[in-house]
Amino acid sequence: MTHTSSSPPTARPFQPAPRADVPGSTATHTPTVEIVIPVYNEERALPGCIRTLHARLRDQLPYPWRITVADNASVDRTLAVARELSEELSGVGVIHLERKGRGLALRTVWSMSEADIVVYMDVDLSTGLDGLLPLIAPLASGHSDLAIGSRLAPGARTVRGPRRELISRCYNALIRLSHGARFSDAQCGFKAARTDVLRPLLARTEDDAWFFDTELLLLAEHNGLRIHEVPVDWVEDVDTRVDVVGTATDDLKGLWRMARLKASGAARLPVPRRPEPAAEHPDAVLAPDAVRSQLAWQIGCFVLIGIASTAGQALLYWLLRGWWPPAAANFVSLLVLTLLNTEANRRLTFRYLADGVGAGRAHLGAGALFVVGYLVTSAAVLVFRDAVPDASAAAETLVLAASSVLVTALRFLVLRLAVFRRRTR
């Protein structure tokens with residue numbers, strides 16, 4: 001996707017690192033860093049942001065760096081102020097976009113960046129700059145592919161009102177519930193990525209506004225990229241341009257769009273792959289058969305989850321049987337425990353095979369198993385009631401549990417061989 005800017009970017013040369021001992025550098029190359037500040041009508045906040053950030057980078061960042069201000073069609077003096085700062089401070093460039101959108105700004109500048117690592121932070125500097133080096137270092141060393149600041153990770157410290165705290169926690173909980181995401185904070189304005197793994201993701205992203213962050217992270221996690229989280233200090237700046245209601249609506253639409261993208265397979269991208277883990281110690285004693293050990297883990301974990309699920313279904317059936325007929329009680333109890341069972345197996349039993357398998361695909365794949373399980377267990381209970389008309393609810397429950405064992409064995413085979421089958425990438 002190409003976007004025309006009303007003025008060409010004034011990218012500046014990378015500024016030298018203040019010291020020679022640069023983490024992640026080699027004899028032939030030191031990683032370069034470009035920090036992007038997207039702005040819209042920020043003539044008041046921009047000078048303080050750029051001067052503070054520039055001083056910190058000049059004095060402390062051990063990598064060659066530059067700053068790019070991405071103006072999102074501001075209608076005040078933001079662009080003029082940015083150009084004045086560019087003339088005043090070395091290593092500060094400006095690009096002007098004719099359309100608004102934080103996602104648009106980041107996609108545009110990151111796509112054309114020559115840096116090895118690109119960074120984004122908000123103009124209000126709500127996130128403490130002490131987290132900048134921990135954000136960049138795992139990418140420079142090659143350990144991680146993306147890095148994000150998190151206000152919800154253990155060790156983070158935040159100063160913000162209860163309304164924004166509640167909205168943030170609810171939104172991130174929704175992401176984890178709907179997509180099985182493992183990152184804790186999707187929308188903290190403090191992120192970095194290696195450009196070699198970022199470009200395929202940018203080509204797939206569609207959102208031009210605030211959902212861009214979430215979309216990028218969901219794509220990265222779905223494709224098996226390693227995301228590093230940095231607990232940050234974060235202080236709320238109430239001078240914000242965010243439309244909370246409109247943003248929340250767009251976020252919900254974006255989550256639904258991402259679920260459909262994953263289900264269709266279009267979210268699979270040709271990103272660089274990491275080699276399989278290997279022992280560093282030359283005399284390490286390794287397991288004789290990794291596949292066999294994985295199978296043992298899967299069987300053991302699946303059995304434990306299956307026992308808990310069978311007991312839970314039996315208990316729920318017994319409770320519902322006092323009000324509902326057998327078919328209805330079995331349907332509800334099996335539906336609830338199937339959802340819980342599938343999610344537990346996705347996160348535990350098949351966690352290695354399920355790398356990149358989202359909650360949507362896992363539960364859709366398990367849907368057919370639900371139908372089979374319901375038919376088998378319901379048939380078993382109805383046949384038993386026909387044979388023993390005066391049977392108690394407890395006896396029905398035992399028959400239900402016995403038939404569930406057969407369904408459980410079938411579930412394991414289908415989940416392992418079909419739903420969570422490792423795809424060739």
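**Cavities and cores: a quick chat**

User: How much space lies in the largest cavity?
Analyst: This is a predicted model, and in it the largest cavity holds about 200 Å³ of space.

User: And how many cavities of 30 Å³ or more does a search of the whole structure find?
Analyst: The search turns up 4.

User: Back to the largest one. Which residues are closest to its centre?
Analyst: Gln313, Leu334, Thr338, Thr408 and Arg411, out of 17 lining residues.

User: Which elements give two or more residues to that lining?
Analyst: Helix 9 (290-320), helix 10 (326-349), helix 11 (359-387) and helix 12 (393-419). Helix 9 has the largest share, with 5 residues.

User: What's the lining like by class?
Analyst: By class there are 10 polar, 6 nonpolar and 1 charged residues.

User: OK, switching to packing. Which residues touch the most other members of the largest nonpolar core?
Analyst: Ile37, Ile50 and Val119, in a core of 39 residues. Elements giving two or more residues to this core include strand 2 (33-39), helix 1 (46-60), strand 3 (65-72) and strand 5 (117-121). Helix 4 (132-140) and strand 8 (190-194) are also among them.

User: What does Ile37 touch, not counting residues up to four places away in sequence?
Analyst: Cys49, Ile50 and Leu53, then Ile67, Thr68, Val69 and Ala70, plus Met121 and Val123.

How values were computed. Residues numbered from 1 in each chain as written. Predicted model: local features only at pLDDT ≥ 70, side-chain atom pairs only at ≥ 80, totals over all residues. Heavy atoms only, no water. Core = buried A, V, L, I, M, F, W, Y, C linked by side-chain atoms within 4.5 Å. Buried < 20%, exposed > 50% of the residue type's maximum accessible area, 1.4 Å probe, protein only. Helix = DSSP H or I, 4+ residues; strand = E, 2+ residues; numbered from the N terminus. Contact = heavy atoms within 4.5 Å. 1 Å grid on protein atoms, 1.4 Å probe; cavity = no way out; pocket = protein on both sides within 12 Å on 5 of 7 lines; lining within 4 Å. Points joined across faces, edges and corners; volume = space filled by probe spheres on them. Nonpolar A, V, L, I, M, F, W, Y, C, P; charged D, E, K, R; others polar.
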